[in-house]
Structure formats: structure tokens, C-alpha cells
Amino acid sequence: MTAAAPASSDTARTGALSHLRVLDLSRVLAGPWCTQNLADMGADVIKIEKPGEGDDTRHWGPPFFGDALGDASAHACYFAACNRNKRSVTVDMATPEGQAIIRELAKDSDIVVENFKTGGLQRYGLDYASLAALNPRLIYCSVTGFGHTGPYAPRAGYDLLIQAMSGLMSITGRADSEPGSGPLRVGVAVIDLFTGMYATSAILSALEARHHTGRGQHIDMALLDVAMAVLANQGTGFLNTGSIPGRQGNTHPSVVPYQDFPTADGNMLLAIGNDGQFARFCEAAGVAWHQDARFTTNAGRVIHRVEMVTMMSELTVSRSTADWIALLEARAVPCGPINNIHQAFEDPQVQARGLRITQQRYPDGQLPQGECINQVVTTASPLRLSDTPATLRYAPPALGQHTEEVLRERLQLDAAQLQALREKQVF
């Protein structure tokens with residue numbers, strides 16, 4: 001199932017954040033992920049990009065979109081993942097005119113999101129202090145690798161670097177005792193994504209505070225802070241016991257059996273989280289392990305992990321993955337296949353939830369000169385609000401697609417003024 005887009009204008013106006021204006025000075029992933037969340041919930045997000053170049057991720061490929069003939073274009077798919085529902089405006093912020101445009105847009109914006117290095121926008125007069133002087137109600141969210149304080153504040157930060165420094169990679173990958181061991185990154189830029197989500201929460205909190213104070217504030221989001229926070233139980237376990245967790249592949253440090261197991265035709269994932277589920281598994285499989293004192297409780301199964309996993313693996317190869325899933329799902333034992341991404345999007349539950357959405361960049365189907373793609377497919381927002389659902393208004397935009405539209409609408413610039421800026425190569 002593919003969700004249709006764009007939504008009707010009536011639906012678009014019902015977005016929970018449709019009354020908010022966001023000025024997006026961020027690029028790559030963490031900042032754009034945050035602003036896409038806000039855009040999906042109805043906020044008017046103006047994405048500022050460098051003329052002729054745009055967001056770095058416009059060029060991060062392959063994979064690239066296919067053009068009308070099916071040949072690879074110069075448009076990277078990466079950009080589409082985190083820039084839906086935004087309007088792209090090209091502005092050269094190195095010019096005085098470009099800085100003036102951004103300041104004017106900030107005057108009637110509610111939120112600014114940026115991910116320049118600490119102090120990077122001060123020389124343009126676009127830092128928090130400068131813009132808050134023009135708009136005291138402005139909520140200004142800065143996303144950096146290490147935050148605005150501390151000895152690493154001037155450093156650039158990247159997801160992979162932060163995964164390494166935070167300890168996340170030290171607990172990701174096969175155990176040292178297994179072949180192919182060693183630290184691994186997570187398969188997507190998970191710290192960037194978590195930072196985008198935390199930034200969204202922080203912005204909404206600042207908005208709520210503004211209802212009471214009438215003032216905006218500065219938000220200092222750091223990838224390293226987020227990475228340390230999302231160590232979650234692993235981090236808390238270390239802080240309270242001093243025991244340093246290590247890599248253990250797909251197994252869980254505190255729950256058994258909770259991992260992948262071989263089957264007659266592949267693999268399956270079992271996520272048995274309590275003793276009742278384990279007893280139901282044993283009854284379905286025709287074994288009495290749940291009556292063995294070593295395995296009756298989860299704590300016992302963790303202590304006797306090696307014996308438990310060995311016995312489970314010898315049993316699970318007796319049936320196919322599909323047979324195990326049919327058997328165990330009927331008894332409410334959490335299990336499932338280990339899908340590739342193609343299989344995941346073909347899953348009936350994924351399709352029923354409408355998680356694949358198709359948007360037309362140019363609704364009239366007419367591609368402007370120099371453009372070669374129109375249809376863009378992305379993954380739907382997981383934010384499901386009953387009265388103010390996520391809305392679809394704009395496909396991930398072409399570079400500068402909305403520049404003149406926004407400058408006319410927000411700054412009331414006329415044709416002559418736009419032409420003058422164009423001649424100065426401000427956009």
C-alpha cells in the first residue's frame with residue numbers, strides 16, 4: 001500500500017504544529033531529522049541552502065534517483081530521507097544581503113535549527129544572541145558534536161566518531177570469543193537520528209515554556225550527550241556496578257533466550273522476555289525445560305546461558321522459520337523472521353500501516369528545465385495523532401525550488417528586488 005500525497009489543503013491546516021514557522025539552517029542528518037519531524041506535524045519549515053550546492057546529502061551517493069529514462073541521476077536518495085515537507089530557499093549567507101534575508105526570516109519565525117560548529121554563525125550575525133535581540137520569542141536549537149562547552153566544543157562531530165567515543169561500538173558486534181569479533185557501528189547513523197528526536201522534544205518543551213514566559217531560549221544539543229544517554233541500561237549498569245559491558249552479538253545481557261536462532265531454512269528471532277513466554281515456548285515445542293530448576297526463571301537462564309542457547313539451537317533447526325513463527329505466534333511467544341529491507345517493506349503489517357509514501361515534487365508533472373526527477377518515495381512519519389495527524393505537503397524539494405515563492409510571501413519582495421538579488425548571486 002502506498003499513501004497518496006500531497007494531502008488536501010484542509011488536512012494540511014490540521015497539523016498539530018501548523019501555526020509554527022521554522023527556519024532550518026541545518027544540513028546532513030541530525031538537524032534535518034528534527035526539522036522533518038516538525039514539518040510532518042504541520043510546521044512551515046524553510047530550509048536554507050547554499051546556492052549551487054545545497055545540503056551535503058544531495059550529493060551523498062550512490063544510491064541516486066533514476067531519471068525519467070531510468071538512468072541514474074545526480075540526485076542522491078539520502079537527502080530525501082530527512083527533508084520531506086520543507087521548502088528549499090537558496091541564500092548565500094556569506095553575503096551581507098544573504099545575511100539580511102535570513103535575519104528578516106528569523107524575525108517572524110518561532111524556531112531556528114542550526115548545526116554549524118560552535119561560534120560558526122557569530123561572524124554572520126546569525127548566532128542566538130544576534131537573532132534573539134531581533135526576536136526575543138525565538139527558540140534557537142544548536143546541534144553540534146560536543147556541545148557549546150567543554151574542551152571538545154570547537155571540534156566537528158560525526159555520527160561514526162561519536163559512536164566510537166561514546167562506547168556504543170564497544171558493545172556492538174560479535175563477542176570477542178567469536179569469529180569476526182570487533183567493534184561495529186550501527187547500520188544507520190543512529191546517534192544523528194536520536195539527536196534529531198531529542199532536539200524535537202527539547203524544542204516542544206521550549207515552546208511549552210514560552211507559553212508561560214513569553215520568551216524563547218537557546219537549546220544546546222550535542223551528539224556526544226545523546227550517545228551517552230542512549231547507552232541506557234548498559235550505561236546505568238556500569239555506573240552502578242563498575243562492570244564494563246562488552247560485545248555479545250545479538251544476545252541480551254539480562255534476558256535469555258533473546259536472540260537469533262538457526263532454523264531448518266535460515267534464521268529466526270526469538271524475544272522471550274518473561275517466564276510465562278518461556279513456558280509457552282516449551283509447551284509449544286514439546287520440551288519441559290521450563291520445569292528444570294536451572295531454566296525456570298530468567299535469572300537462572302542468564303546464569304546458564306551457554307547450556308540454554310545450545311539446547312535451543314539444536315531444537316530450532318528442526319523446523320523452518322515459517323513453521324516456528326506459525327507455531328509460536330499462536331501462543332503469543334514473540335518471534336519473527338530476520339528480514340532484509342526489501343522483505344520488511346513487503347511485510348503485510350508494514351503495508352497496512354502505510355509506511356511507504358509517494359510524493360510528486362511537481363504536482364503538475366511538468367519538470368522545470370534542468371530537473372530530471374519528480375516522483376520521490378520515502379518512509380512515513382511514525383507519529384500517529386488521532387486529531388492532528390502528520391501531513392504531506394511537499395516532497396523533498398529540489399535545490400532552491402521555493403526561493404522566490406518564500407521571499408515574495410515572507411519578505412514581500414517584488415520582481416525588481418528579486419531580480420537585483422539574482423544578479424548579485426545572493427540566491
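## Basis of the model

Residue numbers start from 1 along each chain as its sequence is written, and side-chain values use heavy atoms, with hydrogens and water left out. Because the model is predicted, local features need pLDDT of at least 70 and side-chain atom pairs count only at pLDDT 80 or more, while totals for chains, interfaces and linings use all residues.

## Domains

The chain is assigned domain 1 (21-230 + 355-424) and domain 2 (258-339); such bounds come from an automatic or database domain assignment. Taken over C-alpha atoms, the centres of domain 1 and domain 2 are 43 Å apart.

## Salt bridges

There are 21 salt bridges in the structure, a salt bridge being a side-chain nitrogen of Lys or Arg within 4 Å of a carboxyl oxygen of Asp or Glu. One of them joins Asp108 and Arg21, with an N to O distance of 2.5 Å. This pair links distant parts of the chain, 87 residues apart: Asp108 is in the loop between α4 (96-107) and β7 (111-114), and Arg21 is in strand β2 (residues 21-25). Helices (H or I, at least four residues) and strands (E, at least two) are DSSP runs numbered from the N terminus. Asp108 is partly exposed at 31% relative accessibility, and Arg21 is partly exposed at 30%. On this scale, buried means under 20% relative accessible area, exposed means over 50%, and partly exposed lies in between (1.4 Å probe, protein chains only). Asp108 and Arg21 also belong to a network of salt bridges that links them with Asp44, Arg87, Glu405, Glu409 and Arg410.

Glu53 and Lys50 form a salt bridge at 3.6 Å, N to O. Glu53 is partly exposed, with a relative accessible area of 42%, and Lys50 is partly exposed at 47%. In the salt bridge between Asp292 and Arg294, the closest N and O atoms are 2.8 Å apart. Asp292 has 25% relative accessibility and counts as partly exposed; Arg294, at 33%, is partly exposed.

## Cysteines

The structure holds 0 disulfides, a disulfide being a pair of cysteine sulfur atoms within 2.5 Å. For Cys82, the closest cysteine sulfur is that of Cys34, 12 Å away and therefore too far for a bond. Cys372 is likewise in no disulfide, and the nearest cysteine sulfur to it, in Cys77, is 12 Å away.

Cys82 is buried, at 0% relative accessibility. Cys372 is partly exposed, with a relative accessible area of 24%.

## Surface patch

Tyr152, Tyr158, Leu161 and Met165 make a nonpolar surface patch of about 390 Å². Patches are made of residues with over 30% relative accessible area and no salt bridge, where like charges are joined within 9 Å and nonpolar side chains (Val, Leu, Ile, Met, Phe, Trp, Tyr) within 5 Å. Accessible areas come from the Shrake-Rupley method with a 1.4 Å probe, and for residues only the protein chains shown count as cover.

Tyr152 is located in the loop between β8 (139-144) and α6 (159-165). With a relative accessible area of 34%, Tyr152 is partly exposed.

## Arg123

Arg123 lies in the loop between β7 and α5 (128-134) and is exposed, at 68% relative accessibility. Its C-alpha atom is separated by 21 Å from that of Ser109, 14 residues apart along the chain.

The side chains of Arg123 and Tyr124 make a polar contact at 3.1 Å. A polar contact is a pair of N or O atoms within 3.5 Å; within protein, one must be able to donate a hydrogen and the other to accept it, and residues adjacent in sequence count only if both atoms are side-chain atoms.
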